[in-house]
Amino acid sequence: MSGCPVAHDFDLLDPVVVADPFTVLGEWRSKTPVFYVPSVDHYVVTRYADIEQILLDRDSWSAANASSPLTPVCPAAQEVLSRGFARVPTLNNADPPRHGPMRKSVLSVMTPRRLRSLEPVLREYAAGLVEGFRDRPVVDLVESFAFPFPGFAAFSLLGFPASDTDMLKDWSRNRVLLTYGRLPEDEQVATANDVLAMWQYVEAFVADRWASPRDDLTSDLVRLSREKPDQLNQFDIVNIVYSMALAGHETTTNTIGSGVFALLAHGRSQWQRLVEDPSLIPNAVEEILRFEGPVLYHRRIAKVDTVVGGVPIPAGAKVMMAFGSADRDPEEFGDDADSFRVDRRDAELHLAFGKGPHLCLGAPLGRLETRLALELLTSMVPDMELVPGQSITYVPNALFRGLTALLVAPRGVRHAEEAGALPQAR
Amino acid sequence: MTEPVVDDARFAEAQRLVKVAALRGSPLDGDRCRTCLYYLDPSEDLSFCWHEKLQSLVGGDWWCHFWEMREDDP
């Protein structure tokens, strides 16, 4: 730690930090942009330029720890996982030479053509969700829209039955809490059971598709494996599908929830701009990803002794790249980096999907879903407003940032009041 | 010799492309622009990239993080 500031009191799961990590990270970025946190044994890197340097340099940095639990799982939960959970490096956490073939396998089945064919299906499903709540006085947008929509999208792509969506989404939430939260031991055991159940579900699902492929991404991976067994085997497919069964929706749920909150906050001015000019929506998606990206941190391990932001980092050291800080770095986004503007010109330079060789393969799907969400919500419920006085809380999780709920009045607060769903405040 | 005149606006735009796409002048793990879906003419060493974020002349042996597999890629 020689030459590196040490943050003894920095707690990623402090409720104050979970509620607003940007202020705390911004203070560190302006004073000591690289610092060491003993409680999690990671260096934290906060500046855009330093994180960009790490993401593009595979000679110096390994992704091996990208999906590891932030803090060790307790022995009892570990015992549960040892009964069959057998994950190996896949996409997010694989290095060369394994990463290239894995990435190529997924790219070959997750094509622009497949996404184009998915768009009308997703639009119809999402429109049905909005139709279901547009006349209700008050609705939790996370529960009624941001949660089910990305799950449907990801699971449709993979081929999971729609009837399993709720179960899979619940398992996914627990996966995130076990990996990036700080659960008491009894909850870790219960959550580990869910992780194991999800793994076994995916194993059985892949075995089914292996025996009788259909028209879905998992079956395409099976066909690819038969054509190129040296590139991909059945176990690899289980790992890829298991990985996508979380990454394919959890982050988009959070993006949509946080994004709609940002649009509707501060007097709805940014929301109203989209209502009046839908051509701004694609850039608004980028600005949401920049301003309220769903992944606050991503991790790497130093393969060699190196230097980041003037701070020496020894080989073997673990680093957290604070995307949530980089995407508000005034050096990159200007003095108003902490402002949310749907017409920001450089919004697309955000690091929400990473950058370089590990750029998130789900980025086109995430962008598509968020764009569809904004198109449908601004056109079908243009008068939507936040329910005043609600308590905004985030999932108690260090790495993923997502709202637990977002109460909105689809036809406006006055309508909700008149329907008796709110106290008469006016 | 006269001093070269740099068009600052075009230079900035080129820099932006490099940044947005993580564009580099060498292949990555054997993948290169020539084998990318968006490379217009694989028989040429230089060709147009029609990915919406680039829309630019690129080299056949370059790579960027928007690389997508051609359907005829072996």
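1. A word on terms before the strands: two strands pair if DSSP finds at least two bridges between them. Strands (E, at least two residues) are DSSP runs, numbered from the N terminus.

2. Some housekeeping: this is a predicted model, in which local features need pLDDT of at least 70 and side-chain atom pairs count only at pLDDT 80 or more, while totals for chains, interfaces and linings use all residues. Residues are numbered from 1 along each chain as its sequence is written, and chains are lettered from A, with ligands numbered from 1, in the order in which they are written.

3. Have a look at strand β5 of chain A, residues 297-302. Of its 6 residues, 5 are buried (20 or more other C-beta atoms within 10 Å of their own, with C-beta atoms placed from the backbone). β5(A) runs antiparallel to β8(A), residues 318-322, with 5 bridges between them, and A:H298 sits opposite A:M321. β5(A) is also joined by 2 bridges to β3(A), residues 61-62, again antiparallel; here A:W61 faces A:A302.

4. Chain A also has an open antiparallel sheet of 3 strands, ordered β4-β10-β9. Because β4 (139-140) and β9 (385-386) each have a single partner strand, they stand at the edges, with one side lacking a neighbour in the sheet.

Terms used:
A residue is buried if 20 or more other C-beta atoms lie within 10 Å of its own, exposed if 12 or fewer, and partly exposed in between; C-beta atoms are placed from the backbone. Helices (H or I, at least four residues) and strands (E, at least two) are DSSP runs, numbered from the N terminus.
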